[in-house]
Amino acid sequence: KREGSARWTGPSAAAFYLDFRTRWLGMAGGYGSGKTYTGAAKMTVLAYINHGQPGKAGVLRSLCTQPTHGLVADNLIPTFDELLTLWGVPYEIVGTHNGWNLWLPEANHILMLRSAKNPAHLKGPKVCAFWPDEAVHCSK
């Protein structure tokens, strides 16, 4: 069981998590406030919401970033692992040449888990959602 798992359901986190009408959302909070957990939950729900959208052929993708490769490995992947296991969501994490892909087969969706250390390397892929976790720590 995640210690303090209820913390991400607080008023501001709940408002962020449940808002599907606002195009640009952001969260601010101190260390351990649940920003990463809430963001991972939001990206998972968006993956399922976008499944089967009209005009969208094939696998959909979303982009989730952390400031460094190490933070993706040490923070983002364990957070998704914990959350998806808790929710009983089937998934597979596959390493790529520039990060990891988290495959959600029921949603036919790939969450691209990447480092934002060099933002130029994030250009190119077409994504339906983008979440820059810890964006304040990115250089550009």
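**Close-up views of a predicted model**

**View 1. The largest nonpolar core and its most connected members.** Within the largest nonpolar core, which has 22 residues, the members that touch the most others are Met 43, Cys 64, Phe 80, Leu 104, Leu 111 and Leu 113. At least two residues of this core come from each of α2 (35-50), α3 (69-87), β3 (99-104) and β4 (109-115). The coordinates are those of a predicted model. In soluble globular proteins, nonpolar side chains tend to be buried together.

**View 2. The surroundings of Leu 113.** Leu 113 is one of the core residues that touch the most other members. When neighbours within four places in sequence are set aside, Leu 113 is in contact with Cys 64, Val 72, Leu 76, Ile 77, Phe 80, Gly 99, Trp 100 and Leu 102. Cys 64 and Phe 80, two of these partners, also belong to the group of core residues with the most contacts to other members.

**View 3. Ser 62 and its polar contact.** Ser 62 lies in strand β1, which spans residues 60-66. Its relative accessible area is 1%, and Ser 62 is therefore classed as buried, the cut-off being under 20%. The side chain of Ser 62 is joined to that of His 109 by a polar contact of 2.7 Å. Beyond the neighbours within four places in sequence, Ser 62 is in contact with Met 43, His 109, Ile 110, Leu 111, Met 112, Val 127, Cys 128 and Ala 129.

**View 4. Strand β1 and its two pairings.** Strand β1 is mostly covered, with 6 of its 7 residues buried. Parallel pairing with β4 comprises 7 bridges; Leu 63 has Met 112 as its bridge partner in β4. The pairing of β1 with β5 is also parallel and comprises 3 bridges. There, Thr 65 has Pro 132 as its bridge partner in β5.

View 5. The strands form an open sheet of 5 members in the order β2-β3-β4-β1-β5, and their pairing is mixed. Strands β2 (92-96) and β5 (130-132) are the edges, each pairing on one side only. From one strand to the next, the twist averages 20°. The antiparallel pairing of β2 with β3 is made by 5 bridges, and Val 94 has Asn 101 as its bridge partner in β3.

**View 6. Helices α2 and α3 against the sheet.** Helix α2 packs on the sheet and touches β1, β3, β4 and β5. The direction of α2 makes about 170° with that of β5. Helix α3 lies across β1, β2, β3, β4 and β5, and runs at about 150° to β4.

**View 7. The whole chain as context for the close-ups.** The protein chain contains 3 helices and 5 strands, arranged along the sequence in the pattern α-α-β-α-β-β-β-β. Of its 140 residues, 39% are buried. Among contacts between residues at least 6 apart in sequence, 62% join residues at least 24 apart. The chain exposes about 8300 Å², of which carbon and sulfur atoms supply 56%.

Key
Residues numbered from 1 in each chain as written. Predicted model: local features only at pLDDT ≥ 70, side-chain atom pairs only at ≥ 80, totals over all residues. Heavy atoms only, no water. Core = buried A, V, L, I, M, F, W, Y, C linked by side-chain atoms within 4.5 Å. Buried < 20%, exposed > 50% of the residue type's maximum accessible area, 1.4 Å probe, protein only. Helix = DSSP H or I, 4+ residues; strand = E, 2+ residues; numbered from the N terminus. Contact = heavy atoms within 4.5 Å. Polar contact = N/O pair within 3.5 Å; in protein donor to acceptor, adjacent residues only side chain to side chain. Pairing = 2+ DSSP bridges. Axes fitted to C-alpha atoms, helices over the stretch in contact; angles between N-to-C directions. Areas by Shrake-Rupley, 256 points an atom, 1.4 Å probe, with all protein chains shown as cover.
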